[in-house]
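Dear colleague,

Please find below the structure I promised to hand over, together with its sequence. My notes on what turned up in it follow directly after.

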Amino acid sequence: MKVIIASNLVKYHGGDVKVLSGATLAVEAGEKIGMVGRNGAGKTTLIELLSGRLRPDSGSVEYVNNAKVGMTAQSLYAGERGKLTVEEEIISAFEPLMKRERELKEVEAELAENPSDALLSKYGRLQSSFERDGGYGYRARAASTLSGLGFDPEEWKRPVGSFSGGEQSRIALARLLLEEPDLILLDEPTNHLDLRAIEWLETFVKNAKSAILVVSHDRYFLDAVSDSIIELDEGKLTRFTGNYSKYVEQKEARDELLARKAKADSERRAQLERFITKYGAKNTKAKQAKAKQKMLDRMEKVEAPGKRHKNMKLDLGGETARAGRVVLELDGTQYSHDDAEETLIENMNLVVERRERVALLGPNGTGKSTVMRLLTGELDADDGSVKLGHNVVPAYQDQQLARLDDNKTLMDEVRDKTGLDPADARDLLGAFLFSGKDVFKKVASLSGGERNRLSLAEIVMSDANLLLLDEPTNNLDIPAREALEEALASYPGTMFFISHDRYFLRRLATRIVELEGKRLINYPGGYDYYRSYRRLDEAESGNGRKRRPRQRIRPGQSKEESILASRLIAVEGEIDATERRVSRLEKELATSELYSDGKRSKDVIAEHRDLKGALENLYSDWGELLEEAEKAGL
């Protein structure tokens, strides 16, 4: 059953800029849809039209059977609402259940005075519906949601207005999810969330009863939650079946077909134009030439894919000055904010070597950006040391991009930071999609994504051999993220970065360090390696076992150690792939449609059983390899 139907939506901005031109969409009950498109394509405009906050210039939005649509508020917790505690705000999502709970208590009180059959019957009906709708578990759900989104119990009594903007966004998101309207509209919901909160949100979205339409540049998240992807391009929507990875495959196949059609169209046009040019002035062929001109005029031109949009050109593959073997080092480092009673980090030790790509992870608020600012010299350690190695030339991109001067034009900003002449500065800005009059705009007028691109343009010209990057993919659309990943993958220097983008982490990180309990825990491998160890650590801590310290695998280890490390990583990769396949099968097993196809249901059940058995064997192999690794000191 459909919950919303949007037909032929047209919307202008500024009176003459057409953002949507005939966009059409229908959403089924319980459906999970991801929406992708370049920055400025109109994604936020579309969801505001679907929510009713905006009206289309033409076209219609129909809410089937008065379907309820939910979206986080634009002005979050101003005024009286900001005085509510976090707990009160979240619990208010269950107001219909709370109302029935009050009714039950009233009937209980009446029964104590007058235990009539009519009252007992009424109480039974109320209690049955209350239990059916989750009345006895709503407080536990609220607590689980708050914990999943990273709020500690001691914070639940704080007024929502006392939290930061990012934290208020998380509170509003939690309330919306618990309210369970027919359709939930989410605009970049993973912003302001750390990795664990994002993973919790994925599970919540997948299991939600509501239909969900999510706008996101987080490809990993879209892979995990989406049944289909809609692409917004040039004001129109195209739907693709499956998650983000399936969308990429289908889009590539469609673009190949479109490229062939464009080539055939171009050749046919050239053929007609040659005939018209050659015979247009000849009496014997003039009639035919005129007919072919009409044919050419009627032909709709087929554009080759990739022609309509420019992509960011980012090249970090040039030569950099050779740094020493140790590029940066923290030794017994301790730091606390001036007004803080406790230290934020203490006795922190870290060595990063030349050409490593080290990712710093950890929950929000643990001090990741503080570590980065200690490395750049913006902050001074209270104790211990922070050192850059021999011949190290760093370049730093902070999360807030505060190093950009809002009072300068883009041209002046780039020239002052890079020393380029006007022509070269314009070429550099053009490579980052700033062209024409844009180069004379003030930096203050730029969007978040544009500020990020400008900062990256300056880094390209810095000749740095150490990149210190704090959330470098923030506000970038997917094509820009892919361009950044390609460039950083070929970067010959060293990287130390903070990111919550798991696609980005999987592509780039050669080592993970996690900030936990004021200290760093080292994981000597990429993101999949880190996730495998995290699963093991969680299993061990669940059994009351202490987490084993991880030692660093250094260059120059023996052949036997290298083989053992490679076997470990290979088994961990197999476990990850098998778990993902099991998860997909379990999702299919949970659908009623599967059991209407007897053969398919038997095949899925058999494959699920076999994979669960294979997973147990892999875990056993993994445990044996880990014991060998521990004995070898890895």
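Alanine 425 counts as buried because its relative accessibility is 0%, where buried means under 20% relative accessible area, exposed over 50% and partly exposed in between, computed with a 1.4 Å probe on protein chains only. This residue sits in helix α13, which covers residues 422–431; helices here are DSSP runs of H or I with at least four residues, strands are runs of E with at least two, and both are numbered from the N terminus. Once neighbours within four places in sequence are left aside, alanine 425 is in contact with Met411, Val414, Arg415 and Leu420, contact being taken as heavy atoms within 4.5 Å. Leucine 410 lies 15 residues from alanine 425 in sequence, and the C-alpha atoms of the two are 9.3 Å apart in space.

Please bear in mind that this is a predicted model, in which local features need pLDDT of at least 70 and side-chain atom pairs count only at pLDDT 80 or more, whereas totals for chains, interfaces and linings use all residues. Residues are numbered from 1 along each chain as its sequence is written, and side-chain values use heavy atoms, with hydrogens and water left out.

Turning to the sheet, 6 strands form an open sheet with mixed pairing, in the order β14-β15-β16-β12-β17-β18, where two strands pair if DSSP finds at least two bridges between them. Its edge strands, each pairing on one side only, are β14 (394–397) and β18 (519–523). Neighbouring strands of this sheet are turned against each other by 15° on average, direction ignored; axes are lines fitted to C-alpha atoms, for helices over the stretch in contact, and angles run from 0 to 180 degrees between N-to-C directions. Helix α14 packs on the sheet, where it touches β14 and β15, and its direction makes about 180° with that of β14. Within the sheet, β12 (residues 357–361) and β17 (residues 511–516) pair in the parallel sense over 4 bridges, and leucine 361 has glutamate 514 as its bridge partner in β17.

On a 1 Å grid over the protein atoms alone, a cavity is a set of points where a 1.4 Å probe fits but cannot get out, a pocket is an open set with protein on both sides within 12 Å along at least five of seven lines, and lining residues have an atom within 4 Å of a point.

Finally, the largest pocket has a volume of about 1900 Å³ and is lined by 46 residues, of which Lys206, Ala224, Arg580, Ser583 and Arg584 lie nearest its centre. Helix α18 gives the most to this lining, with 10 residues, and the lining of the largest pocket divides into 10 nonpolar, 10 polar and 26 charged; Ala, Val, Leu, Ile, Met, Phe, Trp, Tyr, Cys and Pro count as nonpolar, Asp, Glu, Lys and Arg as charged, and the others, Gly among them, as polar. For the volumes, grid points are joined across faces, edges and corners, and a volume is the space filled by probe spheres set on the points.

With best wishes
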